[in-house]
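Dear colleague,

Please read them slowly, with the structure open beside you.

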Amino acid sequence: MAVSVETRVARERDDAEGRFLTKALGENFFPTSAGYMECIAANGRHLGGGDDPFKAMARFRRMPSKARAPGAVKVPDLVADPSVAPLPPPARGLVLKIHARLLRRNEDGTLGRCTTRDFPLMARERPRRKRNLRSYLEASPDFAWITEQDKKALIPSSPQVGMVIVVPRTIVMRLCRFHLTPRRVYSEGFEWSEGQVHRAALKLVVEAVDDKHIRMRAEGSAHMGSTFDPGKATTPNGLLMLGYAPKFSGTVAYDRMAKDFTRFDLVALGDGWGRMGDANNRSWFLERPGRHPVGFAFELVNPSDPANRIVPMGRSAKLRGLGYLAR
Amino acid sequence: MCVFGTMSVMRSLVLRGFSVWSLLAVVGVAQGLQDVHALIQPHPGESHWMRVPWRTSVWEARKQAAKEGKPIFIWAGSGGGPIGVC
């Protein structure tokens, strides 16, 4: 039974789940924001680190049957600690799964996936380190939430082809500030301030409409962070701070009978530049000199799937403090 | 704006639910929206751990593990663990 959890939530919750983990792993488990893997039996016995699951499985099998057989351990319902438990997605709202990826321009004008050779700070690393860093070149997930009230603002009441719906600023700012940062591909800990969003506009244009469906085209643009300056966009530790200027393009479909959105495919694509820093904002491996394409792909997902209930930016405490859903 | 040459391409894209509006028109990229959307998303061979049917509640996993007689594997991270951010 595999569980993916946020370290801080697991560590700080004051309820039966927190006590279960403390009993199994001892005080001060998951002490930092780093990743941890652990194996535990349902009765609370610690089976070992998750880095050797075969050893943990062997320990589990050696446990007495009365402690591990199906139905042997009774687990009551949880009364969760509301102060730290992850917030649920907004009722009757939308959950958009986002994938972010650093991209490269191919010689034929197409975009492609990056390799370690595209990053000067990575290229000089040893092969084993490079292999580990390669995962940062893959798609990085995130989730955006749209409330029921937000959703209503996106539905044209008397739709006609060509009609334009301007996406409310609160929604566009939420997408831009909290999700459209190139640093999202390797970090949960960064968002733009309101003042760093210089442009953020998104509109939906009705393309097709009948009694049952409305299909809309999404288009717009944004600019966050610094203004590109080729003389300063150097690596490592150049003078130019992070900047990103994507264009939006997408297709949104609404089912008029079901009264709900059935598709929300959106791409934010544009160049990013400047400092891709670590916790101290020193240049990290993914920084490149000049400007390079960065893409974000949004899609509608089913929030009843546990894997789609991760909070935006992956950090429950941060979500509470930032007024993420504020209007 | 239509940037494709033939009605058949347009019809094909419309039927697939995608706009015939190409990213070519806005960011100078020689790929359509669907191509770029797919390019950004995970590709075969990437992020193998995403194929695991993860749960996001230790307690719910504990209940299920007790019911099925299985151990619990926990992967914790600051951005929500392996299926979260970062």
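Strand β1 of chain A (residues 2-6) is joined by 5 bridges to β1(B), and the two run parallel; strands pair if DSSP finds at least two bridges between them, while helices (H or I, at least four residues) and strands (E, at least two) are DSSP runs numbered from the N terminus. Within this pairing, A:Glu6 stands opposite B:Gly77.

Before going on, please note that this is a predicted model, in which local features need pLDDT of at least 70 and side-chain atom pairs count only at pLDDT 80 or more, whereas totals for chains, interfaces and linings use all residues. Residues are numbered from 1 along each chain as its sequence is written, chains are lettered from A and ligands numbered from 1 in the order in which they are written, and side-chain values use heavy atoms, with hydrogens and water left out.

Turning to the interface, 59 residues of chain B are in contact with 81 residues of chain A, where contact means heavy atoms within 4.5 Å. The chains bury about 6200 Å² between them, 63% of it on carbon and sulfur atoms; buried area is the accessible area (1.4 Å probe) that two parts lose on being put together, summed over both.

There are 3 salt bridges between chain B and chain A, each a side-chain nitrogen of Lys or Arg within 4 Å of a carboxyl oxygen of Asp or Glu. In a salt bridge, the side chains of B:Lys63 and A:Asp77 meet at 2.4 Å, N to O.

Best wishes
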